[in-house]
Amino acid sequence: MASPVEQFDIKPLVEIQVGGVDISFTNSALFMAIAVGLSALFFWYGTRKRALVPGRWQSVNEVFYEFIANMIRDNVGKEGMKYFPFIFTLFMFVFLGNMLGLLPYSFTFTSHIAVTAALALFIFIAVTIIGFARHGTHFLRMFFPHGAPIATAPILIPIELISYLSRPFSLSVRLFANMTVGHIMLKVLAGFVVALGVFGFIPLAVVFGVTLLEIGIAALQAYVFTILTCIYLNDAINMH
Amino acid sequence: MPQFDFLSFPSQIFWLVVTFVALYFIISRFAIPRIGDVMEQRQKMIDDDLERATQLKADTDAAIQTYEKALAEARAKAHEVMKGAQDEMSRKAEERNRDVAEKLAQQIAEGETRISKARDEALASIREVATDAAKAVADKVAGVSIADDKAEAAVAAALKETR
């Protein structure tokens, strides 16, 4: 039986080397491209009529749009709408990455720490830059809230600093771990279906349930990733 | 785990950047304007329709108000006209009543005078007849002729008694 982590193997499809660095077009890259293609198709098909009374696909388009727009309005406020395209892109990318990964024989690019960490680090750095750009050195108040007694500074500041610096780690590890563990679990349980022979229907039923759960997790983790980005953005724009 | 194969990182991050930027352009340049436009247009249309509806409602209310005012005016006018007609009628009736009553009273008075005149005449003729009768009776029964003035006096006395 194949190892449960074999599904995460990155296989180059087109070998590309630039200056000794391997940037081959891999199965991971293929599914990223598929996610982008599907998004484009989804938006193109949904908005092809631009009807006043939306059809099915246009409604779904509008639901996604409103969902992200409301998320930003609720968590960041009107000023956050500047970053609407980025947040929308982020959500679509992670959401489709998670969802596509659930298809048999597909590849889950969000189950790789390199991808989630790159996204999380970009968000972390961007949010920090936005914070300093808006508030200057006053942004440092983030680490020592108003109203706290000055005596608590030696404890409070390191805690706040650590919690701020740990954001990219928690953000990236949460998504990567959820995806990785879910897929390993599915693979292991699916292995039992064959191994148990006639009684294979028991793990099969479990696999069925876990698959449903994983679909929920795929959507939920995309949501969590996006909403945490909104919350970080809110901290940078409005401070707390 | 393949996740910790650092040799694959440059490729993953490179393609992540490429695809993410592509998706960013698709969404910011294509999806958001198109979806946003149609939703804005719809909101505008709904707002316009609502505005028109409120305008129409206001118009209707105004029309109802004018109608009710006109109705009330017409009613008041009709009432006035009716009252005028009634007054006129009662005035006329009263006048006619008065005329009739006057005429009647006059006729009654005339009748009364005529009656009393007739009675006086009758009484006078009665006296004459009675005097003649008394004279004739006296002549026939007693064989005496009574003078006119004596007979008259006797009749007058007798009439006074019977009255």
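Guide: Over residues 12–32 of chain B the chain is 100% helix and 0% strand, with the end C-alpha atoms 27 Å apart; helices here are DSSP runs of H or I with at least four residues, strands runs of E with at least two, numbered from the N terminus. UniProt, in an unreviewed entry, places a "transmembrane region" at these residues, and such annotations may be inferred rather than shown by experiment. The model is predicted, local features need pLDDT of at least 70 and side-chain atom pairs count only at pLDDT 80 or more, whereas totals for chains, interfaces and linings use all residues. Residues are numbered from 1 along each chain as its sequence is written, chains are lettered from A in the order in which they are written, and side-chain values use heavy atoms, with hydrogens and water left out.

Turning to the partner chain, the contact (heavy atoms within 4.5 Å) takes 32 residues from chain B and 49 residues from chain A. About 3,700 Å² is buried between chain B and chain A, and carbon and sulfur atoms give 79% of that area; buried area is the accessible area, found with a 1.4 Å probe, that two parts lose on being put together, summed over both. Across this interface the rule finds one salt bridge, a side-chain nitrogen of Lys or Arg within 4 Å of a carboxyl oxygen of Asp or Glu. A:Glu62 forms a salt bridge with B:Arg42, where the closest N and O atoms are 2.8 Å apart.
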